[in-house]
Amino acid sequence: MARQAGKQSYGRLALVSCLALLAVGLIADFLWASSHRFSPAGTYLPSSFTTVIGKLPPESNEKDTKQNKKKDDKTRERKLSDTFQDLDAPQLQWEKMAPAPVPRLDGAAIQIRNLLYVFAGYGNINLVHSHVDIYNFVDNTWGGRFDMPKEMAHSHLGMVTDGRYIYIVTGQYGPQCRGPTAKTFVLDTDTNTWSDFIPLPVPRYAPATQLWRGRLHVMGGSKENRHTPGLEHWSIAVKDGKALEKEWRSEIPIPRGGPHRACVVVDDRLFVIGGQEGDFMAKPGSPIFKCSRRLEVVFSDVYMLDEEMKWKVMPPMPKPDSHIEFAWKVVNNSIVIVGGTTEKHPETKKMVLVGEIFQFNLNTMKWYVIGKLPYRVKTTLAGYWDGQLYFTSGQRDKGPDDPAPRKVMAEMWRTKLILYP
Ligand SMILES: *[C@@H]1O[C@H](CO)[C@@H](O)[C@H](O)[C@H]1NC(C)=O
């Protein structure tokens with residue numbers, strides 16, 4: 001489109017292109033994870049958009065006025081490779097371990113000592129899992145499969161443990177782009193038995209969830225339509241898998257809503273890291289709630305809550321990062337985050353996966369990029385044992401030159417974790 005425009009005003013061209021894109025966004029709906037044809041859509045245009053849309057004009061510039069020259073400089077094409085978001089990072093030695101019994105996208109995981117409990121998730125866009133698999137870091141085997149309650153959500157769960165009881169809050173019920181349920185459960189990992197818990201006041205999709213100061217906190221996520229960011233924040237006092245209060249209470253709203261963030265408590269401070277606003281929605285009227293792309297805004301924001309109960313802004317991540325709710329570990333007073341998704345490609349609008357490992361050192365409050373993954377991957381489930389960082393599951397890229405999402409994975413990998421002191 002831009003190439004044919006020749007010497008036309010690039011400002012006007014950008015406007016026309018924007019309108020065309022808008023139209024595409026309004027009339028099109030898109031296949032989701034299972035599709036290889038992730039296409040541009042939607043009505044959100046990143047601020048960088050107009051600076052990248054203009055291609056270099058043809059080489060017939062002799063009669064250009066000064067004014068035109070100035071415009072050309074401004075709109076000069078910035079060559080954007082498909083891999084433009086990749087950051088320099090050390091190569092690591094990765095070791096392939098036993099794959100999980102099933103591939104999983106948007107699952108959940110909790111590590112308790114040497115066991116990684118891996119829950120739910122999509123096998124593919126039309127199939128969701130309703131069971132738990134367990135990886136044992138001591139003998140590096142999978143086993144111990146057991147079912148989840150029938151009413152429990154199958155993806156986009158909020159989940160946290162006190163070391164024995166796992167709290168499982170709300171999440172999406174069913175495949176494709178169905179909405180969330182408010183139903184909430186507790187798993188006793190000593191006996192592998194489930195109990196019901198007080199439902200969240202309203203359903204949420206992929207909310208940030210943590211235990212902090214004796215209370216179960218749930219905040220952010222998307223509202224029932226999967227797309228609209230929720231800002232609400234609730235908590236309830238808990239002990240040994242039981243609520244000590246009759247209902248959830250409202251807490252200070254989160255500064256920025258939305259799903260798919262890491263929520264971590266270290267040293268009596270609660271951190272909310274990365275995430276996004278917006279997500280795929282069910283196509284209106286679709287009997288199967290068919291997923292339809294809506295544009296998301298991915299962010300690098302980090303917020304912290306301490307005893308003052310006021311949100312504080314922390315140094316941002318090295319790049320925007322989302323789909324990391326179970327992709328983190330705390331090691332030696334650092335938060336380590338594995339993969340994710342970043343801002344969409346500005347030209348193709350395709351989703352861009354993240355292939356780096358990040359470290360947030362809480363001694364220095366500095367972020368580092370500490371290594372490259374075997375491939376870019378989102379919604380990984382991370383573990384740490386005996387000096388080794390593990391990850392399994394998620395959806396990987398199409399290949400080294402194409403960071404768009406493709407295959408849902410079962411693989412398990414590990415590498416020696418090397419941190420910045
Ligand atoms: C964590 O700290 C301990 C004690 O200083 C050290 O031996 C270990 O190597 C550190 N682990 C990592 C991954 O840096």
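**Strand pairing and ligand surroundings in a predicted model**

The protein chain averages a pLDDT of 86, and 81% of the residues score at least 70. The model is predicted. Confidence is not even along the chain. Over residues 1–71, pLDDT stays under 50. For this stretch the model has 80 contacts beyond four places in sequence. Where pLDDT is low, the predicted coordinates should not be read in detail.

The protein chain holds three helices and 34 strands. It has 421 residues, and buried residues make up 45% of them.

Strand 8 is joined to strand 9 (residues 165–172) by four bridges, and the two run antiparallel. Within this part of the sheet, Thr161 stands opposite Ile166 in strand 9. The loop between strand 8 and strand 9 contains Gly163. Gly163 has 10 other C-beta atoms within 10 Å. A residue counts as exposed at 12 or fewer, so Gly163 is exposed. The C-alpha atom of Gly163 is separated by 5.9 Å from that of Ile112, although the two residues are 51 residues apart along the chain.

Strand 10 (residues 180–188) includes Lys183. Lys183 has 19 C-beta neighbours inside 10 Å and counts as partly exposed. Leaving aside neighbours within four places in sequence, Lys183 is in contact with Glu151, Met152 and Pro199. Tyr173 lies ten residues from Lys183 along the chain, and their C-alpha atoms are separated by 9.7 Å.

A further open sheet has four strands in the order 25-26-27-28, again with antiparallel pairing. Its edges are strand 25 (328–331) and strand 28 (366–372). Both have a single partner strand, so each is left with one side that has no neighbour in the sheet. The twist in this sheet averages 30 degrees from one strand to the next. Four bridges connect strand 25 with strand 26 (residues 334–342), and these strands run antiparallel. Lys329 has Val336 as its bridge partner in strand 26.

Strand 30 (residues 381–385) and strand 31 (residues 388–392) also run antiparallel, joined by five bridges. The two strands form a hairpin, with two residues between them. In the turn, Asp386 has a positive phi of about 55 degrees. Trp385 is paired through a bridge with Gln388 in strand 31.

Val331, Asn332, Gly387, Leu417 and Leu419 surround the ligand. Three residues of this shell are nonpolar and two are polar. None is charged. Val331 belongs to the shell, and strand 25 spans 328–331.

Methods: Residues are numbered from 1 along each chain as its sequence is written. This is a predicted model: local features need pLDDT of at least 70, side-chain atom pairs count only at pLDDT 80 or more; totals for chains, interfaces and linings use all residues. Two strands pair if DSSP finds at least two bridges between them. A residue is near a molecule or strand if its C-beta atom, placed from the backbone, lies within 6 Å of it. Ala, Val, Leu, Ile, Met, Phe, Trp, Tyr, Cys and Pro count as nonpolar, Asp, Glu, Lys and Arg as charged, and the others, Gly among them, as polar. pLDDT is the predictor's confidence in each residue, from 0 to 100. Two residues are in contact if their C-beta atoms, placed from the backbone, lie within 7 Å. A residue is buried if 20 or more other C-beta atoms lie within 10 Å of its own, exposed if 12 or fewer, and partly exposed in between; C-beta atoms are placed from the backbone. Axes are lines fitted to C-alpha atoms, for helices over the stretch in contact, and angles run from 0 to 180 degrees between N-to-C directions.
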